[in-house]
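Trainee: I would like to learn how to read salt bridges and backbone angles in a model. Could we work through an example?

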Amino acid sequence: MTDDSRMFFDRRRMLCALAALPILPLARPALAAETLGFGELYKSFGVLGLEFSDKVKRLTGQEITIKGFMAPPLKAEANFFVLTEIPMSLCPFCSSDADWPDNILVVYLARKQTFVQFNAPIKAQGVLEYGSWTDPDTGFVSQLRLREAAFDTA
């Protein structure tokens, strides 16, 4: 091979590689959901109650991942559960959002899953929502929720 033909071949290979670059972003896997920790849920606690953190406000409507523990469900075939920061042997639901604990959130499942023991760490992933909301089916009030969620053992 002459120097001219080798140079032509290298230039051709480089042009083919450059032509493939616009396709590469399409071939990448989707970005992983952003992680949120229980310590990042609230900015402050004052006379008006808990104030949501800037991170919660920024991630609202986006898919997030959070690690915690599944509180015992109220019934065996529920489509939701309460995710807690620490293992709890009783369900921590409160009568009003004024009493809402700062270390739980409600996880509404996209599809039914088998629940796990209350002391088994799990990772939940779903679309984050915040603000007072009353579930029309159960009457439970929540301040933080994951929608269209799923979970797996951590």
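Trainee: To how many salt bridges does the count come?

Mentor: The general idea comes before the number. A salt bridge is a side-chain nitrogen of Lys or Arg within 4 Å of a carboxyl oxygen of Asp or Glu. By this rule, the count here is 6 salt bridges. Note that this is a predicted model, in which local features need pLDDT of at least 70 and side-chain atom pairs count only at pLDDT 80 or more, while totals for chains, interfaces and linings use all residues. Residues are numbered from 1 along each chain as its sequence is written, and side-chain values use heavy atoms, with hydrogens and water left out.

Trainee: Which parts of the chain does the pair of arginine 58 and glutamate 34 link?

Mentor: Elements come from DSSP runs, numbered from the N terminus: helices are H or I with at least four residues, strands are E with at least two. The side chains of arginine 58 and glutamate 34 form a salt bridge with an N to O distance of 3.3 Å. Arginine 58 sits in helix 3 (residues 54-59) and glutamate 34 in strand 1 (residues 34-35), so distant parts of the chain, 24 residues apart, are linked.

Trainee: Is arginine 145 buried or exposed?

Mentor: Buried means under 20% relative accessible area, exposed over 50%, and partly exposed in between, using a 1.4 Å probe and protein chains only. Arginine 145 has a relative accessible area of 3%, so it is buried. Its salt-bridge partner is glutamate 129, at 3.0 Å from N to O. Because arginine 145 is in strand 8 (residues 141-153) and glutamate 129 in strand 7 (residues 121-134), the pair ties together parts 16 residues apart in sequence. Glutamate 129, at 25% relative accessibility, is partly exposed.

Trainee: What does glutamate 40 form a salt bridge with?

Mentor: The partner of glutamate 40 is lysine 55, and their closest N and O atoms are 2.9 Å apart. Glutamate 40 is in the loop between strand 1 and strand 2 (42-46), and lysine 55 is in helix 3, so this pair ties together parts 15 residues apart in sequence. At 32% relative accessibility, glutamate 40 is partly exposed.

Trainee: Which residues are linked in a network of salt bridges?

Mentor: Lys43, Glu51 and Asp54 make up such a network.

Trainee: What is the phi of glutamate 148?

Mentor: Most residues other than glycine have a negative phi. Glutamate 148 is not a glycine, yet its phi is positive, at about 50 degrees. This residue is found in strand 8, and its relative accessibility of 58% makes glutamate 148 exposed.
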